Amino acid sequence: MTDISNNRPDEGEARAPRPSRLHRLMRFIPLIAPVLLWAVPCWVLLHAGQHWPLPVTLAGTAVFALGLVGMPLAMVRGHGRRQQDRAAIIGDTLLGTGWVLFTWSALLGVLLRLALTVAGVGEGQDRARIVTWAVLGTAAVLLAWGYAEARRVPRVRRLDVQLPRLGAGLDGLRVVLVTDTHYGPLDRARWSARVCETVNTLEADLVCHAGDIADGTAERRRAQATPLGAVRATRARVYVTGNHEYYSEAQGWVDLMDELGWEPLRNRHVLLERGGDTLVVAGVDDVTAESSGLPGHRAHLAGALHGADPDLPVLLLAHQPKFVDRAAAAGIDLQLSGHTHGGQIWPFHHLVRLDQPALAGLSHHGIRTLLYTSRGTGFWGPPFRVFAPSEITLLVLRSPHPPC
């Protein structure tokens with residue numbers, strides 16, 4: 001095991017450039033997005049030619065207005081200074097519900113109305129009401145299914161990954177990846193225990209947690225995280241911080257994971273040996289760590305690899321896939337990441353791809369670097385997963401020259 005000290009940022013760095021016009025406009029998104037989220041489905045479902053009875057129109061409009069006002073208020077009370085879990089549950093649920101209604105009102109509302117018009121089905125009012133019931137039915141089914149998908153124990157996704165530099169003695173090494181458990185306002189202690197039981201059935205040599213353990217401090221979410229202490233691995237259990245740790249006292253999570261028997265890889269590495277061959281298992285703090293202001297917290301790949309034999313294969317834990325550019329430049333063999341949730345609620349994955357180079361699965365970067373991006377084990381915020389199933393990942397590492 002090799003420890004390094006975390007260096008402070010170099011002095012004399014150039015000043016950050018002035019925000020672009022796009023970045024200045026992005027500041028208004030928190031104001032505009034809730035209005036669109038609730039106004040679009042309100043218009044499509046109630047006012048676009050349906051001519052509902054006046055009491056229905058007024059009651060429906062009031063419901064959408066309540067969502068527009070209630071969602072941001074609940075989100076602020078739940079995720080702001082007060083950290084009220086009940087308010088967070090209400091706000092998160094309204095956010096997910098609003099997103100699904102907005103998406104399918106905009107998509108199905110336009111396409112179905114066009115298809116009915118081309119097919120000559122119904123007149124204006126009848127056609128509009130068909131669209132309304134179709135959107136409401138689709139949204140209800142997706143929300144019910146998405147809730148069940150979010151709350152279930154993830155299925156195990158297994159894949160073989162060949163690393164050209166992996167020694168024959170390490171062929172068949174079993175690496176289990178969990179990430180983005182996001183223990184939070186909804187108490188998931190039982191779910192956490194069942195996830196850990198599933199991990200233990202996989203007989204892993206190495207178990208990795210790639211960050212975003214929880215939303216909230218370690219003290220507040222301890223009961224949900226405690227089952228992680230029961231996870232078994234024949235060689236090591238390692239962990240790196242995610243961006244959400246830096247919203248809630250990251251050092252507390254580092255200390256708790258250490259207490260639970262996990263090896264926090266904060267810009268350092270451990271050596272995993274088997275059959276006369278060695279694998280470097282390294283980890284870096286999340287890329288947001290430096291801006292958190294916590295002393296010694298930053299993503300420092302050179303520090304993580306300090307003292308490691310450059311001829312040995314390297315498995316790197318980095319919470320966000322975007323770190324792969326630095327990993328590829330350093331010749332890392334395999335990076336394991338999470339963060340994206342696979343988009344979590346379709347079609348949010350299109351926005352994720354604006355920020356990250358990969359959404360889910362295995363991808364190739366640079367000369368030899370492979371990146372595996374997990375869709376995550378839990379969920380963030382809205383308790384729904386729509387067309388983005390959670391996962392526990394079993395990666396079996398393969399050598400190009402396996403033992404006879």
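A salt bridge here is a side-chain nitrogen of Lys or Arg within 4 Å of a carboxyl oxygen of Asp or Glu. With that in hand, welcome to a set of close-ups of a predicted model.

**View 1. Asp85 and Arg220 meet in a salt bridge.** The closest N and O atoms of Asp85 and Arg220 are 3.4 Å apart. This pair links distant parts of the chain, with Asp85 in helix 4 (residues 85-119) and Arg220 in helix 7, 135 residues apart. Asp85 has 22% relative accessibility and counts as partly exposed. Arg220 is partly exposed too, its relative accessible area being 38%. If you are counting, the structure holds 15 salt bridges.

**View 2. A salt bridge joins Asp205 to Arg274.** Here the N to O distance is 3.7 Å. Asp205 sits in the loop between helix 6 and strand 3, while Arg274 belongs to strand 6 (residues 268-274), so this pair ties together parts that are 69 residues apart in sequence. Because its relative accessibility is 10%, below the 20% limit, Asp205 counts as buried.

**View 3. Arg266 and Asp285 form a salt bridge between two loops.** The closest N and O atoms of Arg266 and Asp285 are 2.9 Å apart. Arg266 lies in the loop between strand 5 (263-264) and strand 6, and Asp285 in the loop between strand 7 (277-283) and helix 9 (301-305); the two residues are 19 apart in the chain. Both Arg266 and Asp285 are buried. Elsewhere, salt bridges that share partners join Arg158, Asp160, Asp171 and Arg398 into one network.

**View 4. Asn243 is a buried loop residue.** Look for Asn243 in the loop between strand 4 (236-239) and helix 8 (250-259). Its relative accessibility is 6%, so Asn243 counts as buried. The side chains of Asn243 and His339 are joined by a polar contact of 3.2 Å. Setting aside neighbours within four places in sequence, Asn243 is in contact with Asp212, Asp286, Thr288, His319, Gln320 and His339.

**View 5. Helix 5 spans residues 124-151.** From its first C-alpha to its last, this helix of 28 residues reaches 41 Å, close to the 40 Å expected at 1.5 Å a residue. Among the buried residues of helix 5 are Ala128, Val131, Thr132, Val135, Ala139, Leu142, Leu143 and Gly146. An α-helix has 3.6 residues a turn, so residues three or four places apart point the same way. It is a handy rule to keep in mind while reading that list.

**View 6. Helix 6 (residues 189-200) and its cover.** The 12 residues of helix 6 should span 16 Å at 1.5 Å a residue, and its end C-alpha atoms are 17 Å apart, which agrees. Trp191, Ser192, Val195, Cys196, Val199 and Asn200 are the buried residues of this helix. What covers them includes helix 5, strand 2 (173-178), strand 3 (206-209), helix 7 (218-225) and strand 12 (391-398).

**View 7. Leu31, Ile32 and Leu36 make a nonpolar surface patch.** The patch covers about 300 Å². One of its members, Leu36, has its place in helix 2 (residues 29-47). With a relative accessible area of 43%, Leu36 is partly exposed.

Terms used
Residues are numbered from 1 along each chain as its sequence is written. This is a predicted model: local features need pLDDT of at least 70, side-chain atom pairs count only at pLDDT 80 or more; totals for chains, interfaces and linings use all residues. Side-chain values use heavy atoms; hydrogens and water are left out. Helices (H or I, at least four residues) and strands (E, at least two) are DSSP runs, numbered from the N terminus. Buried means under 20% relative accessible area, exposed over 50%, partly exposed in between (1.4 Å probe, protein chains only). A polar contact is a pair of N or O atoms within 3.5 Å; within protein, one must be able to donate a hydrogen and the other to accept it, and residues adjacent in sequence count only if both atoms are side-chain atoms. Contact means heavy atoms within 4.5 Å. The expected span of a helix is 1.5 Å times one less than its number of residues. Patches are made of residues with over 30% relative accessible area and no salt bridge: like charges are joined within 9 Å, nonpolar side chains (Val, Leu, Ile, Met, Phe, Trp, Tyr) within 5 Å. Accessible areas come from the Shrake-Rupley method with a 1.4 Å probe; for residues, only the protein chains shown count as cover.
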